[in-house]
Amino acid sequence: MSARPLQRVGIALLLALVVSCMSSNPAKLTGPSGKITLTYWSATNAQELEFANQMAAEWNSQHTEVQIKVEPVPSGQSTEEVILAAIASNTTPDIYASVFPGAMQDLLDARGVIQLDEYPDFFNVMHERMPPELLEQYRSFDEHYYQVPWKSNPVMVIYNTRMLREAGVISLPTTYSEFLAAAARVTRDRNGDGRIDQWMATIDYFPIWYKRLFDYYPLYLAATNGQKLLDNRRVMFDNEHSIAVFRFLHECFARGYIPRQLFQGDAFLDGRVAAKFTGPYSISHLERYRPADFEYSFGPVPHPDSIAGQTTSYADPKSIIIFKTCTHPREAWEFIKFVISRQNDLQLLELTSQLPIRAGLLDDQAFADYFKRNPRMVQFAEQVTTARSIDSVAELKEIFDSIAQEVESSVVFDLKSPEQAVHDAARRSQQILDAQ
Amino acid sequence: MQPEEANKFSMHNKTGVGGQVPGAGKAGVGSQVPGAGKGPSSPTPGTRHLTPDPAPGTRHLTPDPVGYLMVLPYLLHLVVFVGYPLAFAFVLIFHRWNIYTPMKWVGLGNIKLLLTDQLIWRALFNTLYFLLIHIPLQLIIALGLAQLLNQKIRGRTFFRASYFMPVVVSGVVVTILWQQLYATETGLINVLLHRFGLPGIEWLGDPRYAMPAIAIMATWKNVGLYVVLFLVGLQAIPADLYEAAELDGASAWQKFRLITVPMLNPTIMLVLVLSTIGGFSLFIEPYVMTGGGPANSTLSGILYLYKQAFFFSKMGYATTIGFFWAMIIFMVVLLQRRFVETEAL
């Protein structure tokens, strides 16, 4: 037991070593010809790497004095840990483009990133891209900005419209009762062997914290019209909206609309379940693997019947940061402005199907052609300015873990009432926040 | 204390003798005068050690620096791998530390959190539940098997070896094997249950059965070790006790109850303590099989500590749990010693 911290230090050192081997320190220095080289870490998926490479190549051809070197972020248990290890060992690159805003507080505590609102044109550049109230979601506790909100993958519900139609459901459900009514029709035994083999939806209920970012959290945001979970380190989610979300999920499980089983393979693609929470990334996946007669459509995250009109969801945003180790932050900032330019935002959409956090995407002539060719992306684009980010506290993981634990015991296993579960999750979260 | 003293004593004695031999040899080969001159003085330290001291409190042993040098490897190991981590862990109790950022003093924050933390009590409850199933099962099966394997039966060595096998096999391997056995649809156990017309059990997916399932597996894995311990105990029981009992007309059950069990009491105590400590350090099984779920029904203290340290990077809180857990184990073992051991005397 007592050896664990030591072991942990060992792992950290090892990780730091790996990171230091993979990042190229000399790249930070000005080369022999007086050229500046900036290292840019991109997310590791093929599409994003391709986007980064194309964009960097273009920049490099226009700016001979400042060259960008693209590297995929080294792999580790989690990207967040890799970044923190890199900060601890002073082996960070200059720019990293896929920060989870929920992890920003950790990066600030580690004193690893530079303040961006020091640049005189920061607010001009940002406000040109998004309304001030949207930007404010990304402000830190000290009232300053350390990240550039870049892209988002708003969470929605994808439906197998063919399955719904066959069950007699014509329009996509938007409220809890519509969803439950549709579920009652869809969930059934198709082959007549006495066992249910078709369900309304599936949720990976295994209590891993980040999984609740894609079911509980969007449902909560939809029910509260975008309220935060925390306010200045006070837990705010011990309320009737949370209880309503728990109750809704509880009902789905209790009636068997969401099965208490984890599927092997993609149950949605196989036509075993008719709905799941997802983001725009599932479009390219489905387009690639779906059978010819597979029909699907995206609907909003269900909300309580008492709410009318447009609701909000979780944006699943990613931000760009500049590390403290960057020796040419001004040049890095210039490059970031290039990354978030209109032309590259379009490129981002084309190559990765992820949405730039930019207001008025649908009214902008520059994007009109893209959305004409990709009509399914329109719904997601509509969410870009309304979808919410996430609170950033160092304890975020544990707070979501508390919620995940209670979802499991109340919603899935029916061991306590939704009221009690929400209350327990909130109390535990507050205790964790207070312990420091 | 006593054996250590004896060790020192004999070591000094040896060096005394060793030192003397070349001296004596030289004295023999060389001139006799310096040898004779040395003679009376050099044996003195040796004899001083050899003669039992009348008053042990006033005995003065001359510290030999070589001795310190010889224990240095152990001392180094002790300091680096036990002392330092232990002291560091103690300091961590009062801090918040995620390794990457500097430590932050939180005073009694971690302790306060521990006292209000329902999950640590849940882990304690789970552990006790585990022990409640595991220990009786372990004792009965191990003692029964030892009794059987103590008879003259064919293939005795084979059976002894095969019961010991799971002890040697890696815990992760055993756990993964049992995971297959426990699988709800395809697992061998449920397939057998279905064959006998019984409904299958969601062994690892149901909060009611997950912990018993783990306890059964742990028993299967460890029973071999305890069989060996009991075998040793059984063979140490003098045969004449049984003979005398037989002459008095005792039945097999009476012999077992009145001779075997009381005579095995020290072994039973050992098995009890070892399985209790084993139960409190339960980790691999829930970590690999269930991750502590469903609904925290298999969360063990060490697994909780691990999660705090490695999922949430809360080194301070994890060490707080560690110390708390060590304290509980210490108290439980103390209680067991008091109640189980004295009962027999």
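**View 1. The largest nonpolar core of the predicted model.** In this predicted model, the largest nonpolar core comprises 162 residues, and those with the most contacts inside it are A:Ile95, A:Met200 and A:Ala201. Helix H16 of chain A gives the most to this core, contributing eight residues.

**View 2. The surroundings of A:Met200.** When neighbours within four places in sequence are left aside, A:Met200 is in contact with A:Ala182, A:Ala183, A:Val186 and A:Thr187, with A:Tyr257 and A:Ile258, and with A:Val273, A:Ala274 and A:Ala275.

**View 3. B:Leu231 in helix H10 of chain B.** B:Leu231 is part of helix H10, which spans residues 210-236 of chain B. Because B:Leu231 has 18 C-beta neighbours inside 10 Å, this residue counts as partly exposed, the class that lies between 12 or fewer neighbours (exposed) and 20 or more (buried). Not counting residues up to four places away in sequence, B:Leu231 touches B:Ala146, B:Leu149 and B:Asn150.

**View 4. The side of chain A that touches chain B.** Here 27 residues of chain A are in contact with 30 residues of chain B. On the chain A side, at least two residues each are supplied by helix H1 (4-22), helix H3 (79-88), helix H16 (396-412) and helix H17 (418-434), and the largest share, six residues, comes from H1(A). By residue class, this side of chain A divides into 16 nonpolar, five polar and six charged residues.

How values were computed. Residues numbered from 1 in each chain as written. Chains lettered and ligands numbered in written order. Predicted model: local features only at pLDDT ≥ 70, side-chain atom pairs only at ≥ 80, totals over all residues. Contact = placed C-beta atoms within 7 Å. Helix = DSSP H or I, 4+ residues; strand = E, 2+ residues; numbered from the N terminus. Nonpolar A, V, L, I, M, F, W, Y, C, P; charged D, E, K, R; others polar. Core = buried A, V, L, I, M, F, W, Y, C linked by C-beta atoms within 7 Å.
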